[in-house]
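Please keep the sequence and structure open while reading.

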Amino acid sequence: MKLAACIFTLQTLLFLHFVSSRVEVTTSTSAFDPDVLKNALSIIEHRMAVQGAETFQCIFFDMDSKNPFNVILNDLLRSPILEHVGKFVVQGLKRQVNRYPKNPSLLVLHPGSAQDLLSRNGFMNINRFLQHLNPGTPVLVVMDFRQKSSQIIYEYLARGQFRRVTYLNMVTGHMMLACEYIHTAANMILDNPASIEMWHQKALRQRSIYYVSNNVTADGRVALEWIIATAKYLNVGATEYNEDEMEDFDILLEKALIVNTTSGNYRVIYENALEICRIAIHKGRPLNAIEIMLMPFNWQVWTLLLVIFVLAEIAKRVAPDLLQNDPFLHVVCGFEKHNLNQAARREKFILISLVVLMFFMTNAFETKVISLMISKPWIQHVKSLADFDKYGLKFRYDPKKNPSAGDNAVIGKYVVYRNDTNIIVNEPGYAFYVARSMIRQFLNFPEIIFLDEEYFDGVLGYRLGLRSIYVEALQFTLTALEEAGLFDLWRDLWTKRAYSKPKNVEKTYLNFHDMQPAWLALGIGLCVSFVGFLASYTLNPRW
């Protein structure tokens with residue numbers, strides 16, 4: 001962008017040199033028609049009515065270094081109509097521009113003499129002042145069309161990309177309207193001030209929105225949809241530029257972090273939402289059958305069940321008359337040694353309670369095991385970014401696309417640079433630093449999970465070209481469409497199209513390997529029952 005500013009400065013200097021070599025510089029001040037004051041006030045009043053209740057800020061800039069405000073601007077300042085208007089008066093060619101607002105309601109300008117405009121200091125100061133202002137600022141230029149300075153100030157404002165310029169002839173009262181280099185004839189008569197705004201809007205529709213697109217990613221596609229919607233809203237065209245034509249583009253459709261504010265030549269529009277990122281990692285190893293069998297209950301539940309049955313067996317051995325049936329064999333294996341209906345009340349109370357408990361525990365265990373067989377869990381040791389050092393995880397970035405990834409305050413020390421960064425072929429051991437808006441793209445990869453931690457990564461925005469005339473329109477549509485949820489809708493639609501699976505995919509069923517926990521549970525149950533039966537038969541052979 002510095003190159004663009006240098007080219008702009010060089011072209012303007014060459015133009016001024018060309019003009020100064022062919023024009024006769026005059027310094028006389030022309031008298032003005034009294035009707036011109038009335039026309040100028042009517043234009044200002046219309047601008048005040050259009051702006052509404054907001055504070056009207058008007059800059060009066062006379063570029064005449066010898067006799068400033070010796071023409072119509074002095075009468076405008078003294079007019080009672082502008083008594084309650086915020087006025088900023090600039091006399092001569094001043095260097096200090098930061099004291100003046102960047103987005104005034106109106107700029108009233110008198111170009112002065114050609115000698116002031118063609119001098120080196122005059123060029124630098126005028127260019128600095130105009131570059132300070134928003135290109136969408138309405139400009140009212142009062143001048144004598146016969147003077148050579150009128151040609152020069154037209155070039156200044158056109159190169160500054162001011163799109164709402166009204167030139168008012170101080171001598172005849174005629175006017176000329178301009179939008180950058182598009183202009184009307186110089187003999188227009190002011191009938192209705194509202195027609196000025198209508199002409200500027202019509203002239204603006206003759207220009208397209210020039211953008212440089214990166215439509216490979218979801219953000220690029222969403223931004224492209226946004227530009228197309230903005231072009232329809234403004235009733236203008238949308239034209240894509242390639243990288244070789246980036247000097248004249250309006251917006252670069254590549255979302256970037258805004259580290260600091262830019263100069264007046266370049267504009268940035270900001271997103272409303274902050275950039276929140278999460279860390280995505282590959283799942284750990286899958287659980288084996290033994291771990292799946294133990295997973296339905298935690299160790300406290302297993303310990304409680306073990307204690308209950310151990311105490312019941314101890315009670316059976318200590319008081320044989322209390323329990324005629326073996327608690328473990330009756331409750332777990334369903335083996336009834338004596339008819340429970342004929343047992344004592346205490347035995348019924350103890351064994352029926354254990355049977356009801358085991359019924360609920362068995363149902364919960366079976367349901368949980370079946371769900372674990374359908375969706376096998378994984379062991380995940382990494383819980384936060386602090387575990388990366390322990391397990392040696394890294395973030396992989398392409399040095400050509402993300403050369404500054406290592407400077408990130410959150411993940412910088414874990415960044416390694418490699419050419420292959422495709423998430424599909426990315427092997428375990430590498431993590432991803434994913435923006436919240438991009439998480440949906442990872443949902444189609446079941447082997448990738450997200451940690452719970454969230455990190456603020458900055459404010460996102462889009463970079464505009466050199467004094468783009470669509471600053472306000474793009475910021476308005478960006479805010480409106482984002483708050484309406486259309487950005488999320490476009491992103492979801494693109495993600496579904498890009499990562500959707502074919503409809504003719506065959507259904508998957510549980511195979512023998514998936515049923516391994518069930519076979520293991522059946523085998524353990526049979527073994528325990530057989531061992532319990534042998535132990536009971538050995539201790540009581542008469543049975």
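## Helix 8 against helix 14

Helix 8 crosses helix 14 in a right-handed sense (left-handed if the near helix is turned anticlockwise from the far one by less than a right angle, right-handed if clockwise). Helices (H or I, at least four residues) and strands (E, at least two) are DSSP runs, numbered from the N terminus. This is a predicted model: local features need pLDDT of at least 70, and side-chain atom pairs count only at pLDDT 80 or more, while totals for chains, interfaces and linings use all residues. Residues are numbered from 1 along each chain as its sequence is written, and side-chain values use heavy atoms, with hydrogens and water left out.

Axes are lines fitted to C-alpha atoms, for helices over the stretch in contact, and angles run from 0 to 180 degrees between N-to-C directions. On the helix 8 side, Trp226, Ile227, Ala229, Thr230, Tyr233 and Leu234 make the contact (heavy atoms within 4.5 Å). Helix 14 answers with Ala473, Leu474, Phe476, Thr477, Leu478 and Leu481. By class, this contact has ten nonpolar, two polar and no charged residues. Ala, Val, Leu, Ile, Met, Phe, Trp, Tyr, Cys and Pro count as nonpolar, Asp, Glu, Lys and Arg as charged, and the others, Gly among them, as polar.

## Helix 10 against helix 12

Helix 10 (residues 299-318) packs on helix 12 (residues 345-374) at about 150°, with the axes 13 Å apart. The pair is therefore roughly antiparallel (under 35 degrees is roughly parallel, over 145 roughly antiparallel, 65 to 115 roughly perpendicular, the rest oblique). Their crossing is left-handed.

Helix 10 brings Val301, Trp302, Leu305, Ile308, Phe309 and Ala312 to the contact. Helix 12 brings Leu354, Leu357, Met358, Met361 and Phe365. The contact has eleven nonpolar residues, with no polar and no charged ones.

## A pocket lined by helices

The second largest pocket has a volume of about 1100 Å³. On a 1 Å grid over the protein atoms alone, a pocket is an open set of points with protein on both sides within 12 Å along at least five of seven lines; a cavity is a set where a 1.4 Å probe fits but cannot get out; lining residues have an atom within 4 Å of a point. Points are joined across faces, edges and corners, and a volume is the space filled by probe spheres set on them.

This pocket has 30 lining residues, and Trp302, Val332, Phe365, Ala521 and Ile524 are the closest to its centre. Helix 9 (289-294), helix 10, helix 12 and helix 16 (516-539) each give at least two. Helix 16 supplies the largest share, ten residues. The lining divides into 26 nonpolar, three polar and one charged.

Glu197 is in helix 7. Beyond neighbours within four places in sequence, Glu197 contacts Arg47 and Arg164.

## Positive phi in two loops

Gln161 has a positive phi near 60° and is not a glycine. Gln161 sits in the loop between helix 6 (149-159) and strand 5 (165-169). Asn235, also not a glycine, has a positive phi of about 60°. Asn235 lies in the loop between helix 8 and strand 9 (238-240).
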